[in-house]
Amino acid sequence: QSQDGRWAFLVGSTVVRFGFGRAGDRPVVADFDNDGREEPGIFRAGEWHVRSDASAGPAWRVFRYGTRGDTPLAGRWPGSSGVGVAVVRGNVWHVRNGLGGGAAQWTFSYGRAGDVALVGDWLDDDTARPAVVRGGHWYVATSMTRPGAGWSFGFGWPEDSPVVADNDRDGKETAGLTRGISWYLRTDHSPTERVTVVDFAG
């Protein structure tokens with residue numbers, strides 16, 4: 001969770017709190033240094049600041065990619081040996097391998113302008129693929145090179161905040177959402193999957 005540069009990570013039963021970034025930054029969480037653990041990052045009008053540890057301190061990497069108003073995302077893209085970045089502008093995805101600026105290495109269209117864009121390792125193959133959420137309905141793709149909805153299901157309300165995580169530590173990431181202080185977490189893509197509710201306000 002990140003609000004106004006204040007972060008809170010729930011690690012087991014321990015809450016780790018620290019400051020990184022400032023009000024108005026867009027938070028991004030990924031395994032930026034490829035050590036098997038996720039770290040915080042922020043996107044500030046096209047400038048990325050990422051850490052190599054879940055703690056306060058200066059950015060580990062700073063680079064420009066994207067522009068104000070883009071949706072920032074990070075993940076291990078197909079064929080990549082490490083985490084890369086992407087920005088979504090309207091319904092066009094601009095993807096780069098690695099942490100750095102430059103031209104997009106590939107682009108594609110998925111979803112509609114106004115959708116909530118996400119990525120996740122949906123297939124447990126260490127590869128991130130896109131999803132969009134529209135009015136509480138999820139459209140999850142199984143490919144980045146030819147994206148299409150591999151799964152489509154309703155989960156949540158239009159005013160919820162969608163999240164993605166490996167909620168049962170089986171290597172596969174699945175849908176979740178936050179509503180107030182409550183986190184609604186699933187462990188499978190099935191529309192009948194049981195939902196676990198965790199209250200966490202940071």
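Colleague: What share of the contacts in the protein chain with a separation of 6 or more comes from residues 24 or more positions apart?

Modeller: A contact means heavy atoms within 4.5 Å. Here, residues 24 or more positions apart account for 30% of the contacts with a separation of 6 or more. Please keep in mind that this is a predicted model, where local features need pLDDT of at least 70 and side-chain atom pairs count only at pLDDT 80 or more, while totals for chains, interfaces and linings use all residues. Residues are numbered from 1 along each chain as its sequence is written, and side-chain values use heavy atoms, with hydrogens and water left out.

Colleague: How many helices and strands are there in the protein chain?

Modeller: Helices (H or I, at least four residues) and strands (E, at least two) are DSSP runs, numbered from the N terminus. This protein chain has 19 strands and zero helices.

Colleague: How do I read a sheet, and which order do the strands have in the open sheet of four?

Modeller: Start with pairing: two strands pair if DSSP finds at least two bridges between them. In the open sheet of four strands, the order is β8-β9-β10-β11, and the pairing is antiparallel. At the edges lie β8 (71-75) and β11 (106-109), each of which pairs on one side only. From one strand to the next, the twist averages 25°; such angles run from 0 to 180 degrees between N-to-C directions, using axes that are lines fitted to C-alpha atoms (for helices, over the stretch in contact). Now zoom in on β9 and β10: five bridges join them in the antiparallel sense, and Val85 stands opposite Arg96 in β10.

Colleague: And a nonpolar core? Which residues touch the most other members in the largest one?

Modeller: In soluble globular proteins, nonpolar side chains tend to be buried together. A nonpolar core is a set of buried Ala, Val, Leu, Ile, Met, Phe, Trp, Tyr and Cys residues joined through side-chain atoms within 4.5 Å. Buried means under 20% relative accessible area, exposed over 50%, and partly exposed in between (1.4 Å probe, protein chains only). The largest core here has 14 residues, and Leu73, Trp77, Trp93, Val95, Phe108, Tyr110 and Val119 touch the most other members. Two or more residues come from each of β9 (84-89), β10 (92-96) and β12 (116-120). A second, separate core has 13 residues, including Val28, Phe32, Tyr65 and Ala74.

Colleague: How many salt bridges does the structure hold?

Modeller: Side chains of opposite charge can pair when their charged atoms come close. A salt bridge is a side-chain nitrogen of Lys or Arg within 4 Å of a carboxyl oxygen of Asp or Glu. This structure holds ten. One of them joins Asp70 and Arg89, with the closest N and O atoms 2.8 Å apart. That pair links distant parts of the chain, as Asp70 sits in the loop between β7 (61-64) and β8 while Arg89 is in strand β9, 19 residues apart.

Colleague: Is Asp70 buried or exposed?

Modeller: Asp70 is buried because its relative accessible area is 2%, whereas Arg89 counts as partly exposed at 38%. Compare another pair, Asp126 and Arg76, which meet at 3.2 Å, N to O. Asp126 is partly exposed at 47%, and Arg76 counts as buried at 18%.
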